[in-house]
Amino acid sequence: MSTIDLYHRTSIEAVQAILASGRLESLENTNEAYASTHIDGQAEGYGEAVVHVRVDDSRIHLDDEFPDGERHYRIPLDVEIAEAFTITPQGERTALSAPDTTYRLSHRAPEYDDEDTTARLDQVLHSEVYPSDVLEHPDWYGARYPESIRQVRAAATAGDPNRPVTIYRAVPIGVTRINTGDWVALSRSYANDESQRVADDGSAAGNIISARVPASSLYSEGILEEWGYQGPPIETRDQREHTKTKLRDRINRDVQEHSAVPPSITSITTHERRR
């Protein structure tokens with residue numbers, strides 16, 4: 001028994017998700033991904049980034065073979081990741097690294113597993129995790145906020161893996177990315193509750209960021225307020241800056257439409273200028 005070096009081609013965003021989670025991703029929601037014996041060749045068209053993996057040769061399955069000797073294999077997702085990089089036509093490599101997730105709590109967010117210990121949001125009604133009365137009595141399964149209940153009911157009833165869902169995450173000030181493997185909430189109120197749980201060093205205090213994601217990217221271990229996000233990393237806007245921008249836009253409109261600015265607006269702009 002020996003190991004074989006293979007190369008999985010994908011996008012830079014997907015590589016960051018892979019490095020963050022420590023495992024490959026499957027676009028078909030199966031337990032397998034595809035890899036090549038060659039860095040370039042036929043596999044080159046699958047993305048500008050390369051994940052170099054090492055796999056036990058007993059766990060690979062030949063999928064395709066080409067005249068120049070290149071072979072494509074189906075491989076499991078839980079393989080050893082040796083490195084990740086982009087490569088130019090001239091062969092120059094640039095290493096890729098995982099996004100900074102040092103602010104995370106130690107408990108790992110739920111993800112797909114083949115033992116049915118987690119439930120995907122769009123498959124809640126067909127999972128082993130939740131009983132059939134989950135939508136009738138969501139409060140029995142940890143749901144506390146109307147927004148969470150509404151989103152769970154809508155996604156589970158539709159059963160559409162691509163149905164958009166709004167997720168929220170409490171992060172330290174300055175963090176604007178939602179990463180693969182992050183804990184997220186389906187209610188801003190719940191995320192706000194989490195943001196109040198300040199760590200001893202204060203690192204957990206901060207901001208709420210949000211994004212729209214497909215229902216199939218969210219997994220639960222049995223609590224409807226807590227979900228693991230397993231899609232690609234998402235860069236969001238800092239909500240504090242977004243609020244300031246909207247306020248400034250409103251002030252500018254008022255200035256353009258009226259010869260005088262109301263005192264209340266004047267006081268706000270003065271406050272903003274002093275910050």
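**Ground rules.** Helices (H or I, at least four residues) and strands (E, at least two) in these notes are DSSP runs, numbered from the N terminus. I am working with a predicted model, where local features need pLDDT of at least 70 and side-chain atom pairs count only at pLDDT 80 or more, while totals for chains, interfaces and linings use all residues. Residues are numbered from 1 along each chain as its sequence is written, and side-chain values use heavy atoms, with hydrogens and water left out.

**Entry 1: Ala211.** I found Ala211 in strand 12, residues 206-214. Is Ala211 buried or exposed? Buried means under 20% relative accessible area, exposed over 50%, and partly exposed in between (1.4 Å probe, protein chains only). Ala211 counts as buried because its relative accessibility is 11%. Next I listed its contacts (heavy atoms within 4.5 Å). Setting aside neighbours within four places in sequence, Ala211 is in contact with Val165, Thr166, Ile167, Ile178, Ile234 and Thr236. For Thr166 I also took the C-alpha to C-alpha distance to Ala211: 5.7 Å in space, across 45 residues in sequence.

**Entry 2: helix 2.** With 13 residues, helix 2 should span 18 Å, and its end C-alpha atoms are 18 Å apart, so the two agree. Ser148, Ile149, Gln151, Val152, Ala155 and Ala156 are buried in this helix. What do the buried residues of helix 2 pack against? I got strand 9 (164-172) and strand 14 (227-229). After helix 2 comes Gly159, with a positive phi near 65°.

**Entry 3: the cores.** A nonpolar core here is a set of buried Ala, Val, Leu, Ile, Met, Phe, Trp, Tyr and Cys residues joined through side-chain atoms within 4.5 Å. The largest one has 28 residues, and those touching the most other members are Leu121, Ile167, Leu186, Leu218, Leu224, Trp227 and Tyr229. Helix 2, strand 9, strand 12 and strand 14 each give this core at least two residues. Helix 2 has the largest share, with four residues. I then followed Leu121: beyond its neighbours within four places in sequence, Leu121 is in contact with Val152, Ala155, Ala156, Val165, Leu186, Ala215, Leu218 and Trp227. Another core, of 17 residues, lies apart from the largest one and includes Ala33, Val53, Val55 and Ala84.

**Entry 4: strand 3 and its partners.** Strand 3 (residues 49-56) is mostly covered, with six of its eight residues buried. I count two strands as paired if DSSP finds at least two bridges between them. Which way do strand 1 (residues 3-10) and strand 3 pair? They pair in the antiparallel sense, over eight bridges, and His8 stands opposite Val51. Strand 3 also runs antiparallel to strand 6 (residues 80-87), with six bridges joining them; there, Val50 has Phe85 as its bridge partner. His52 lies in strand 3 too, and counts as buried because its relative accessibility is 7%. Not counting residues up to four places away in sequence, His52 touches Asp5, Leu6, Tyr7, Glu80, Ile81, Ala82, Glu83 and Phe85.

Entry 5: Two bridges join strand 8 to strand 13 (residues 218-220), and Ala119 has Ser220 as its bridge partner in strand 13.

**Entry 6: salt bridges.** My criterion was a side-chain nitrogen of Lys or Arg within 4 Å of a carboxyl oxygen of Asp or Glu. How many salt bridges does a search of the whole structure find? It finds eleven. In one of them, the side chains of Asp193 and Arg144 meet at 3.0 Å, N to O. Asp193 is in helix 3 (residues 188-195) and Arg144 in the loop between strand 8 and helix 2, so this pair ties together parts that are 49 residues apart in sequence. Arg177 and Glu235 also meet in a salt bridge, at 3.3 Å, N to O. Strand 10 (residues 177-178) holds Arg177 and strand 15 (residues 234-235) holds Glu235, so the tied parts are 58 residues apart in sequence. Last, I noted that Asp5, Arg54 and Glu80 are linked in a network of salt bridges.

How values were computed
The expected span of a helix is 1.5 Å times one less than its number of residues.
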